[in-house]
Amino acid sequence: MRGLPEDPERQTQHQKHRSWVKKATAAFFFVVLVMIGITLAESCFLTPASNRRQKSSHLSPEEEALLRSRCPYMEKIVPQPGFENSTVFLGDEYKKHSVKVWGDMIRIPTQSYDLMGPIDEDPRWQIFAEFEKYLNATFPVFTERAELEHVNTYGLVYILTGSDLSKKPILLTGHQDVVPVPDNTVSRWTHPPFSGHFDGQYMWGRGSADCKNTVSAIFEALESLCSQDFHPKRTVVVALGFDEEASGYVGARNIGKYLENRFGRDSFLMLLDEGGAIVEDVYGVDLALPDTGEKGRVNVVDLETTGGHSSVPPPHTSVGIMSELITTLESSPFPLQLEPSSPFYTQLQCMARFSNSSMPNSLRADIVSLAKDPEAKNRVLELQSRDLYTKYLFSTSQAADIFDGGSKSNALPEQVSAQINYRIDVGSSVKEVQDKVEGIVRQIAHKYGLGVKGFSAYQQGFDPIPKGGFTLSVTDALEPAPVTDVTENPTWALLAGTIRHVFEDDGSVLGSANREIVVSPSLTTANTDTRHYWDLTPNIYRFNPVRMNYFVNIHAVDEHVLVDAHLETVAFYYDFVQNADCFDE
Ligand SMILES: [Zn+2]
């Protein structure tokens with residue numbers, strides 16, 4: 001049935017009204033879409049819904065809540081579409097390329113030694129010129145686009161300046177040098193130490209693990225991004241020292257000063273250097289452990305006494321007295337201590353929260369009660385200290401490494417020196433170590449009527465000759481690093497989220513399907529170049545994005561790394577740089 005015709009005038013008005021509503025609606029949705037677009041463009045993260053499983057445990061709801069607050073769940077962070085997916089690095093075609101460029105890097109024997117002469121005098125430094133040439137020739141797109149600054153000749157700082165200078169730069173660091181290969185160990189290598197030999201699975205050679213895998217991966221990732229016309233908003237700085245294995249006094253120390261002069265104190269969003277890795281299957285959990293702290297260190301002690309003929313010796317010679325001092329020190333180890341501010345404390349909480357039933361319920365309950373139950377704490381520390389690698393994550397270590405004294409079999413030793421090396425726990429300090437050592441030295445000195453020249457000033461009772469005494473002096477003192485606080489720290493979310501995405505989602509042959517990675521802060525007992533970068537940012541992370549099981553014989557004969565594991569490292573830096581670029585501070 002036909003209806004009545006509408007009044008033409010009314011019809012027009014109605015149409016006009018409808019058309020206005022349509023336009024307004026369209027405009028509204030357009031604005032909404034633009035706003036969504038802007039939000040995405042600014043934050044540019046896609047965070048898929050959480051699917052993390054809570055492991056079974058026998059904890060109460062309150063205890064579960066406590067663990068969740070101490071070891072928060074970190075969302076994955078996936079780069080925005082725009083560049084090739086990082087899975088491209090995991091294929092056979094890319095592998096061939098990576099084997100070539102990474103192998104070439106290992107073939108440059110950039111050994112650094114503890115005692116080296118000035119840069120312009122000692123020819124052993126010259127190898128680093130070759131290393132720079134290699135970088136610029138192998139990664140031409142990135143190195144041409146980035147500004148290169150030489151610091152103290154061989155320190156290399158590449159700066160890829162971003163379009164938005166209000167965003168704090170990120171700093172990616174590593175070292176060009178490797179520990180030397182002593183001549184008498186060369187024959188023990190399965191493949192020559194600087195051959196960069198690829199056996200079909202593993203890359204062999206000094207530096208393959210420490211740390212040319214990360215240095216190569218950083219450059220491989222940036223080369224790939226720049227080849228896809230990546231122009232970052234946030235400045236990316238890559239800094240490479242060249243004597244990290246000899247404490248970084250020539251390289252990183254000067255680079256640190258240079259970066260502070262150029263960019264200022266606290267001028268970087270975050271710093272990522274070598275450090276902890278991904279440890280698989282700890283109570284059923286794969287733990288990614290960026291180190292948010294680093295122990296300090298200090299060496300001490302000398303003894304000087306009267307000499308004489310060894311046919312008429314006193315009951316104890318300097319050698320005997322110094323030996324007694326060392327055994328006394330060794331029988332008085334530093335206490336085990338673990339405070340909530342320690343990265344290892346948080347690591348334990350993460351293990352308790354996410355481990356499977358292979359963790360005994362009693363241990364899980366003790367970890368939850370660490371802060372309030374001293375007996376539970378003692379049980380945890382006792383258990384953890386059975387493994388020496390774990391023990392020194394919560395105590396200061398002490399090692400008498402060098403003992404030197406006497407020169408002739410018929411003369412009493414007039415001078416004996418010992419180097420006792422301490423790696424200082426994050427809860428302690430150089431001063432605390434000195435006070436303890438000095439207390440014990442004074443006991444021994446008193447027993448033998450000797451003087452003591454203490455750490456701080458000339459002390460009473462010190463009478464160099466004829467009785468003699470101890471001289472306490474410090475070499476290579478370094479306080480424990482400031483601990484990066486990860487609580488509600490967005491840079492931690494950025495790092496952890498990228499780790500989870502790459503190592504869970506990229507479908508590597510190495511990770512079991514759908515196996516979750518728990519990202520937890522940890523502590524390094526060794527030292528890195530970051531000791532020279534403390535003033536650049538409070539957000540310092542030491543992390544080697546690699547699965548530890550495929551990372552073999554670091555610093556030793558037959559150092560080698562699985563190439564598939566290295567490819568994951570490349571994928572990590574590639575996604576990390578993109579995620580950091582879109583990151584809202
Ligand atoms: Zn290293």
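**Exercise 1. Strand pairing**

Task: Determine which residue of E19 stands opposite Phe 551, and describe the sheet to which E19 belongs.

Solution. 
Step 1. Phe 551 faces Val 561 in E19. Strands are DSSP runs (E) of at least two residues and helices are DSSP runs (H or I) of at least four, both numbered from the N terminus.
Step 2. E18 and strand E19 (residues 560-562) are antiparallel partners over two bridges. Two strands count as paired if DSSP finds at least two bridges between them.
Step 3. The open sheet has three strands in the order E4-E19-E18, and its pairing is antiparallel. E4 and strand E18 (551-552) are the edge strands with a single partner each, so one side of each has no neighbour in the sheet.
Step 4. Helix H3 lies across E4 and E19 and runs at about 20 degrees to E4. For such angles, axes are lines fitted to C-alpha atoms, for helices over the stretch in contact, and the angle between N-to-C directions runs from 0 to 180 degrees.

The model is predicted: local features need pLDDT of at least 70, side-chain atom pairs count only at pLDDT 80 or more, and totals for chains, interfaces and linings use all residues. Residues are numbered from 1 along each chain as its sequence is written, and side-chain values use heavy atoms, with hydrogens and water left out.

**Exercise 2. The annotated active site**

Task: State which residues the UniProt annotation "active site" covers, and describe the surroundings of Asp 177 and of Glu 244.

Solution. 
Step 1. According to the unreviewed UniProt entry, the "active site" annotation covers Asp 177 and Glu 244. UniProt positions are given in the numbering used here, feature names are shortened, and annotations may be inferred rather than shown by experiment.
Step 2. The two residues are spread over 68 residues of sequence, yet they cluster in space, with a largest C-alpha distance of 6.8 Å.
Step 3. Asp 177 belongs to the loop between strand E3 (170-175) and strand E4 (202-204). Its relative accessibility is 0%, and therefore Asp 177 counts as buried. Buried means under 20% relative accessible area, exposed over 50%, and partly exposed in between (1.4 Å probe, protein chains only).
Step 4. Glu 244 is in the loop between strand E5 (236-241) and helix H7 (252-263). Because its relative accessibility is 8%, Glu 244 also counts as buried.
Step 5. Contact means heavy atoms within 4.5 Å. The annotated binding site

Task: State which residues the UniProt annotation "binding site" covers, and decide whether Asp 210 is buried or exposed.

Solution. 
Step 1. The unreviewed UniProt entry gives the annotation "binding site" to His 175, Asp 210 and Asp 273. They span 99 residues in sequence, but no two of their C-alpha atoms are more than 11.5 Å apart, so they gather at one spot.
Step 2. Asp 210 lies in the loop between E4 and helix H6 (212-227).
Step 3. With a relative accessible area of 7%, Asp 210 is buried.
Step 4. The contacts of Asp 210, not counting residues up to four places away in sequence, include His 175, Asp 177 and His 555.

**Exercise 3. The disulfide**

Task: Identify which cysteines the disulfide joins, and explain which parts of the chain the pair ties together.

Solution. 
Step 1. The structure holds one disulfide. A disulfide is here a pair of cysteine sulfur atoms within 2.5 Å.
Step 2. Cys 71 is joined to Cys 350, with an S to S distance of 2.0 Å. The link of Cys 71 and Cys 350 is right-handed, with 100 degrees about the S-S bond.
Step 3. Cys 71 lies in the loop between helix H2 (61-70) and helix H3 (92-106), and Cys 350 lies in helix H9 (residues 343-354), so the pair ties together parts that are 279 residues apart in sequence.
Step 4. Cys 71 is buried at a relative accessible area of 1%, and Cys 350 counts as buried at 1% relative accessibility.

**Exercise 4. The nonpolar cores**

Task: State how many residues the largest nonpolar core has, and name the helix that gives the most to this core.

Solution. 
Step 1. A nonpolar core is a set of buried Ala, Val, Leu, Ile, Met, Phe, Trp, Tyr and Cys residues joined through side-chain atoms within 4.5 Å.
Step 2. The largest nonpolar core has 80 residues, and Leu 135 and Phe 219 have the most contacts inside it. Helix H15 (residues 563-581) gives the most to this core, with 11 residues.
Step 3. Apart from this core lies another of 27 residues, among them Val 298, Leu 303, Tyr 422 and Val 441.
Step 4. Not counting residues up to four places away in sequence, Phe 219 touches residues including Leu 135, Phe 139 and Tyr 158.
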